Amino acid sequence: MIFDQAAFDALLGAQHAAPAAEARAAIVAHLRAAQKAGRTAIADAFRADPFRSRPTTMGYTFLTDSLVTSTLRAAMEVLHPNPTPTEGERLAVIAVGGYGRGEMAPFSDVDLLFLTPYKITPWAETVIEATLYMLWDLKLKVGHSSRTIRDCLRLGGEDFTIRTAMLEQRFLFGDVALAEALDTRLRTDLFSGTERAFIEAKLAERDARHVRQGQRYVVEPNVKEGKGGLRDLQSLFWIGKYIHQVQDAAELVPLGLLAEDEFEDFVAAEDFLWATRCHLHLLAGRPTEQLTFDMQVAVAEAMGYEDGQGRRAVERFMQDYFRHATQVGDLTRIFLTKLEADHLKAEPLLERLFKRKPRVRAGYEVIGNRLAISDPSDFLSDKLNLLRIFEEALRTGMLIHPDAMRLIKSNLDLIDEDMRTTAEAQRIFLDLLLKHGNPERALRRMNELGVLSAFIPEFEHIVAMMQFNMYHSYTVDEHIIQCIAQLAMIEKEELVEDLPVASSILKEGVNRRVLYVALLLHDIGKGRDEDHSILGAQMVRKIAPRLGLKQDEVDTAEWLVRYHLLMSDMAQKRDIADPRTVRDFAKAVQTVKRLDLLCVLTVCDIRGVGPTTWNNWKAVLIRALYRQTRRALEDGMEALTREGRGTEAKKTLREALADWPRKDVQAEVARHYDPYWQGLHVTAHVVFAELLRNIGDNEIVVDLHPDEDRDATRACFVMPDHPGIFARLTGALALVGANVVDARSYTTKDGFVTDAFWIQDADGNPYDPARLPRLRKMIERTLAGEVVTREAIKDRDKVKKREKAFRVPTHITFDNEGSDIYTIIEVDTRDRPGLLHDLTRTLAAANVYIANAVIATYGEQVVDTFYVKDMFGLKYHSESKQRSLEKRLRAAIVEGVERAAN
């Protein structure tokens, strides 16, 4: 039982003779216990059947109704009785907004309208005040207003939010005739004749909401306000109710505003979104609408999702969430577009006479400036028209009419194997990608209407697929469309300044068919047990010929998908200043044609991950790797030697130090070993030359300089060499909150360390120059031993609550082939502020010499790559030594994770 009405009636009857204070205390205590029991009963039933949201929202509404009417009765009958109220003392209490609609989540607001015929009387004011104080004692979040009918009409006329709240008014208690009078006057004096203004207001509201919450389906969605959320569904119902006075969404079907299958989608989405919202409230113990990463895991578990088929339960839950959200987006777009076309005023006659209508091909017409189908049966007689309409929409630049959208969605079964393999279907599809200059719009429309998955059935698996990590901002299908959009912008020369290399590659010319198809399919293998690059390449072998690619084009597209992460990995996880890295990459790529295609695909892939993923640091790495590899492929691998680079670097430094005495320049050039010359740019060589020129025996000198080209701050350190210095530096940088993205460590022949770090602040930007003096002071204090790093770092080394749900398994690999003189240790694990310091301290304790470290961060995951030698200057070939080091590194990671958790 949710609320025992008889028990309350008995209690209320017993309070008439009691003093007011005692009666009030007894009533509140009873209602508090009843509220707790009712909430427990609803929550238990919901947990037992976690998708039954409708009985749950109705249950919370019933419980709230019972509490509100009970407090009103207590106020009117016991606390402030008025047996013979005057005409002016009539009072009606009305539920408005979501509460009026009868849909309540566990912690929804309780919005009440206290309606009086005239100015509020002292008795009514006393009753309202007593009621509100009791409801607040029950910890209900009450929104309230006291108004006359005239107030309601005036305020509703001025404010569409108030008008919408009153559209959903529901009588609760008091004077029925007064409530009915309000209902009648709202219809006749406020709603009637203002339908067009209401639609425009709701459309503007929706657009503003989407701008606020994000136009696309974001990975931490707001269940209530986000795109495809409950508010979108409610807007649809509000408009139907405002115009047609419907009381239930089912009534929209006979009116022709929703088709039968669309209504089924509406109900399924509404049930799912409400279930999600109710679980979210119950798990948080408060009103919260944001489905943050940590809550996604908890809600998925509460709803009974399980891990399986290579995917976590949370990923399967979120794919269902996004599929429903997409359905809501489709429904509201079609519904609101149709209403907009039916109810918005026609253009003035003169404008219609002089405005040129777009010329459309036979079989189409223009209705309300949208592309419509003249004869549906004639349209459906040729299956290819289901693709041609998108071509016509791109050619004319028009949006597709909602009736046409509905026709397409309900006839997707016409896109069968015969249709997919016709030469004309292949031509149309490739033209949509290549010919009209806006492939993003075509793909998005096709994806939203289900045509993309019907034409490429393998695409269905990744529609609305969420990748549960902090790196990807979009679902997999949206990521692919974002990548295609990036490619189209580069082709249109809109990103020449940001992407000079990719822009020049496309200007010189590549096989666009191969590039677009490979980019469209590069992540098609995601969401399964196998490596998505390998599986995707196998799938391309079957899909690409269906899209009209020739065999040599299929081979190239397959290679691109198989190795679409290669350039990104090489640039971000390896030292591209090492000639061996470039040689190995050049051997894998083999031809300049492949290099060009892979470079553009890599740039689009990284930029399509999220709005802030691409930065100057990545740009510099990709550009450098491309230019060095192209040179190696064109001029031969022998151009890539350490000796050649060293000679060139020394020559450049001599030119930069032209004003130095020749003897000083010779001393500077002679004091460094060979690796120093190939690992740093001349700007760093000049800085180190200046720092070393006048350094004292035990002095520590630091140079901090914003490196705008790389979106980082370069920190150069010079000090006497001794074991563990690299770990001390990483500790000092961790203490100031610096994220290290690259690090180089060299020793001079006269016993100094020259270490260079590239660091970013917490937002991934170079440090503001104004912050550099404080940064320098903190680093100097740490290096001087005034701050004990291991102790001080404990406060910084924390993982945020919303990020604790991520699982990142640790992988440690040893590579003796990727460098001629170093062993490469790659540590792939969960990122946290003190990780790099823990790893470098562990390596230092094992007498490992770190030459340089390359750090690549992917959201909550990090790959720390160390180029190392043992204390004798040799590689780590011995498996036992590798195992021993791995064991130490894993122990350091586990210890650090435990420290961060506590």
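Predicted model: local features only at pLDDT ≥ 70, side-chain atom pairs only at ≥ 80, totals over all residues.
I then took Cys604, which is in no disulfide. The nearest cysteine sulfur to Cys604 belongs to Cys483 and lies 6.8 Å away; a disulfide would need the two sulfur atoms within 2.5 Å.

**Second largest pocket**

I looked up the second largest pocket next and noted a volume of about 1500 Å³. I found 44 residues in the lining of this pocket. Gln467, Asn469, Lys526, His532 and Gln861 are the ones nearest the pocket centre. I listed the elements that give two or more residues to this lining: helix 25 (532-546), helix 27 (566-573), helix 29 (592-607) and strand 15 (861-869). Which element gives the most to the lining? I noted helix 27, with 4 residues. By residue class, I recorded the lining as 15 charged, 15 polar and 14 nonpolar.

**Helix 35**

I went through helix 35, residues 725-735, for burial. I wrote down the buried ones as Ile725, Phe726, Ala727, Leu729, Thr730, Gly731, Ala732, Leu733, Ala734 and Leu735. After helix 35 I came to Gly737, and I noted its positive phi, near 80 degrees.

Technical notes. Residues numbered from 1 in each chain as written. Heavy atoms only, no water. 1 Å grid on protein atoms, 1.4 Å probe; cavity = no way out; pocket = protein on both sides within 12 Å on 5 of 7 lines; lining within 4 Å. Points joined across faces, edges and corners; volume = space filled by probe spheres on them. Nonpolar A, V, L, I, M, F, W, Y, C, P; charged D, E, K, R; others polar. Buried < 20%, exposed > 50% of the residue type's maximum accessible area, 1.4 Å probe, protein only.
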